[in-house]
Each structure stands twice: as structure tokens, then as C-alpha cells.
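Good morning, and thank you for coming. Please look at the sequence and the structure on the screen while I speak.

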Amino acid sequence: MTACIAVEGLEVVFDRFRALKGVSLEVREGESYGLVGESGSGKSTLLRAITGLAPVSSGTITVNGKRLGKTRDKALYREVQMVFQDPYGSLHPRQTVDRLLQEPLAIHGMADGEKRIERALDEVGLGKGFRFRYAHQLSGGQRQRVAIARALILEPSVLLLDEPTSALDASVQAEVLNLLEEVRRRRKLTFLMVSHDLAIITHMCERLMVMQNGEAVETLTASQLIGHRVSADYTRNLLRASEGFVRV
Amino acid sequence: MSDTLLEVDDLRVTFPTRTGLVQAVRGVSFSLGRERLGIVGESGSGKSQTGRAIMGLTPPQAEVSAKKLAFDGMDLLSISPRERRALRGNRIAMILQDPKYSLDPVMTIGRQIVETLRTHEKVSRAEARERALAMLQAVQIRDPARVFDLYPHEVSGGMGQRAMIAMMLVTGPELMIADEPTSALDVTVQLDVLNILDKLVAERGMGLIFISHDLRLVSSFCDRVVVMYAGKVVEQIKASELRDAQHPYTRGLLNCMPRIGFERHPLPVLDRKPEWAA
């Protein structure tokens, strides 16, 4: 098992605000790793820093043994793809699904577009019938499936998932989580997944990191969390909150 | 729970669209005493439109009809807009989902609370201020005098939602409709806000309609749950008996969420039957 993503002492600063204060983590190849925390804890910023969407002010990020520089080269995005939280915002409203899926292929000069698009749609459980629709003609769950297809079409080895189901209804969430698990198994993908929901993270991930105020609170395995073997008070609070409302 | 506060019989809300009429709510009936009632459903199930119709906030192009829609014996559909306005914010109040959008961004929190109060009651400025401060205290805001003069963007989501609750409770309503009051908040803050809401509702003997997509949260908070699907009520059940729910939709909703300590791969998914919507 080698480290697929290694992050060392990562700092992200927006103006004077330190969004990440020296965070380190290591995701092994083929592993599913979760990041949990409340809003403002820096969990999404960490994903965005890896893809180059947030400014890194110090620290290192290594993906598949290659250290990332100031700019990301195209090859990285063949390996690492991201699925965003809001499927209503992440798909171009005036492009058909077909056009959306062609874009990454064109950027990377991949041949066989026709076949790849068909296969990608098949893989996420959308038939050919969806190929020439616009985003507004799809439901939230279907849109998220398109977003996943767009990420998978480049055959990456790592998926970064930023709250992929928090905009979806519970029943649709179950479908999308099942789909993600299935593609991960089939393609032996590595997941780095962000969620505010402990139950989703323990369902999807083997290990996880709890974050608060731009810092790591603790790193746990899913079974430690399930067995309530946690050491930080903050994690205990999160656990209690996830059990729902209790009248005092 | 003997006195009925609200009676809803065969409520329908119809929207005209380019492709014809769409019924968002199709014959919803329930009654409410001084208790906590949850309305649960997925997006598009008509749960929010049900709440808005009771409040009288349905968009003007839509049509609301019902065999009976009565609040404290008053027929809400036949009274004048003026009488309706007098009820709204006074005897019936509503908490909306996201304090970022539902508070006025260019007015301090204190002024908004005072405005609500002075709209409905003849009180002096000084007294209104006193009552607003007391209300902010009641929602467990530590430094009410400071928060009174803050603008909504200067407070956190949890604080904003408390201010919203304060604003809605300051007139002492008898019926409170809370539409996803905690969905925009972090889980840890969620519980604080729910605790405050729970205490105030119990102390003041209000009727509460709690609208949410989260069946588990609603069942832990409410006495009774109405489950909606495609504009209809598919099941009404006591929250304590939710585990014995009959309808496959209710059971499916309960089942499909991942839970800590219950390993299920893949998660069970809802097998939607067309007859549920019939």
C-alpha cells in the first residue's frame, strides 16, 4: 500500500484568514478516506487546494508520488477528478449532457468519444435517452449522475467528492451513494470524500479525519467511530448530534 | 389536546404552468391541537406549499381550495386579506429555512423584531425594545443588547436562526409553522436551536407544524407525523409508533439513510410505485 495522496503541513490563506492551518493527511491507494466537520472547518478547502482551486501558501501535496507545483498540469486531471456538492450549479445550463461529457475528452485529446460517452452514461445508470438533454430537464439525482459520469470519463484513479449527496433527497442519496460504491469497487478508485454527516462517512469510508477551524481534530478508523472510541470532545459532540434530537 | 387549533380538510394548491395545471397539494387533510405535528416528504411532495397555504403565502398565480381551512374556528379562505394580515405574524407565525435570506439584510436584528411587534400591538418604542431584548434572551442569545444592534450578515447562521425564532415568538403566536428551520445549520448548532424551539413551544402551549425532509429528526421532535408523497398524505402516525409504519414509502424513507453502526451495502433504495401517487 503506497500513499496515493499525501498532504504535509498544508496552509491555505485567503487575505488574512487562515482557512487551513497546517493540515497533514495520507490517503492510501484504493482507500476511501473521509473528511468530516462543520461549515468553515476547511474540509472543502482541502479538496480545492489539491485540485488547484484554492491558493496554497505553504506545505506540500503529493499525488501518486508526484509533488504538485504552483500550477497543476493537465496530466493531474486525468488522475484526479472532482464531483461538486451542488449538481444545480456544477453543470453548464446551456449545454446538453453530450456536450458536457465531450468537454473533458476534447481537453485531453481522447479518441473514441462516441463510445466513451455511451459507456460513461451506462455506468452511472443513465441510458442513451439522457444524452441530448439539458441539465434543467434532469432531476437532482440524475444531474449528480451526470457529474459523476463527467468525472469518470477520463478514467481517473482518484475521485474527490465534495458533499456529493447533501443537495439530494434521502432516497436519492442512497442511490447515488450505492453508485459511488459500485464504481469504486469496479474501477479500484481512491476516494477522498467530504461530508458533514458522520453516518455517510462511516458508511462510505474506512478512515476519516475530523476537522474544526482549519485544523485536524483527530484521525479515526470507521470502526473506532462506530464503537465510540474517540478521544476528542468535539468528535463526541458530533456523534451525539448525529443521533438526532433528544428531549431533555 | 382537546381544543382544535387548525383544521385542514381536502386542501389543494394548483399552479398554472405552460404545460397545464400542476397540483402541488392534492387533498391534504389533518387537524392540529396544541401539539407538535411534523410534515415530512421529499422535495416536490408539497409539504412547504401546505405550510404556505395555511400561512396565506401562496404565490398569487396559484389557486388554493379546501373544503375546510379553519384556524380557531375562523375560515381562512373567506376572510379578507386585511384580516389575514392581522393573523399573520401575530397569531400564526412562520420560521423559514435560511436566516441568510429570510432576514432583511439592511435592517438591524433588533429593529426587525421591534417592527414585527409594533405592527401587531400598540406598544411604545421603549417597551417594544424591552420585549425584543427579553425575547432575544429567551432564545439564549448571551448578549442581547449587542445582538440587537447587529445586522444579519454580522451573525452566524445559528444566531440568525435564533433571532428569527425570537422575531416570530415576540407576538406570542398560537400556531407556529417551521419550514425546515434547521436544515441550513451545522449539526451541532441544529440541536441547540431545536432545544430552544422545543422549550418555548412547550412553555407557551403553542401548536407547531414542523416541516422537514428528515424523517428521523421529525420523529424525534414531534408528537405526530404526517408523511406526504406527490402532494398527498400517504400516512399519519404517532412519532412513537413510527417503527411500525405501514406504508412502504414511510418505511423506505426510514430505511434508506445510512446509520452509524448499521452496516448495509448497498443501501436499500426506494422502489417507487405509481399507485402511491394515485
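This is a predicted model: local features need pLDDT of at least 70, side-chain atom pairs count only at pLDDT 80 or more; totals for chains, interfaces and linings use all residues.

Residues are numbered from 1 along each chain as its sequence is written, and chains are lettered from A and ligands numbered from 1 in the order in which they are written.

Let me start with chain B. Its secondary structure comes to 11 helices and 11 strands; helices (H or I, at least four residues) and strands (E, at least two) are DSSP runs, numbered from the N terminus. The radius of gyration of chain B is 19 Å, close to the 19 Å that the globule rule gives for 278 residues, so chain B is as compact as a globular protein of that length. That radius is taken over C-alpha atoms, and the globule rule is 2.2 Å times the number of residues to the power 0.38. Along the principal axes, the C-alpha atoms of chain B fill a box of roughly 60 × 50 × 45 Å.

Of the 278 residues of chain B, 42% count as buried. A residue is buried if 20 or more other C-beta atoms, placed from the backbone, lie within 10 Å of its own, exposed if 12 or fewer, and partly exposed in between. Helix 1 of chain B, residues 47-55, is mostly covered, with 9 of its 9 residues buried. Among them are Lys47(B), Arg52(B) and Met55(B). Just after this helix, Gly56(B) takes a positive phi of about 85°.

Now to the contact between the chains. It takes 26 residues from chain A and 29 residues from chain B, where two residues are in contact if their C-beta atoms, placed from the backbone, lie within 7 Å. Which helix of chain A gives the most to the side that touches chain B? It is helix 6 of chain A, with 7 residues. The residues of that side of chain A divide into 12 nonpolar, 9 polar and 5 charged. Here Ala, Val, Leu, Ile, Met, Phe, Trp, Tyr, Cys and Pro count as nonpolar, Asp, Glu, Lys and Arg as charged, and the others, Gly among them, as polar.

One helix pair spans the two chains. Angles run from 0 to 180 degrees between N-to-C directions, and axes are lines fitted to C-alpha atoms, for helices over the stretch in contact. Angles under 35 degrees count as roughly parallel, over 145 as roughly antiparallel, 65 to 115 as roughly perpendicular and the rest as oblique.

Finally, chain A itself. Helix 5 of chain A (residues 140-152) packs against helix 6 of chain A at an angle of about 15°, with their axes 10 Å apart. These two helices are therefore roughly parallel to each other. By class, their contact has 6 nonpolar, 3 polar and 2 charged residues. Lys188(A) lies in the loop between helix 6 and strand 8 of chain A. Is Lys188(A) buried or exposed? Lys188(A) is exposed, with 10 other C-beta atoms within 10 Å.
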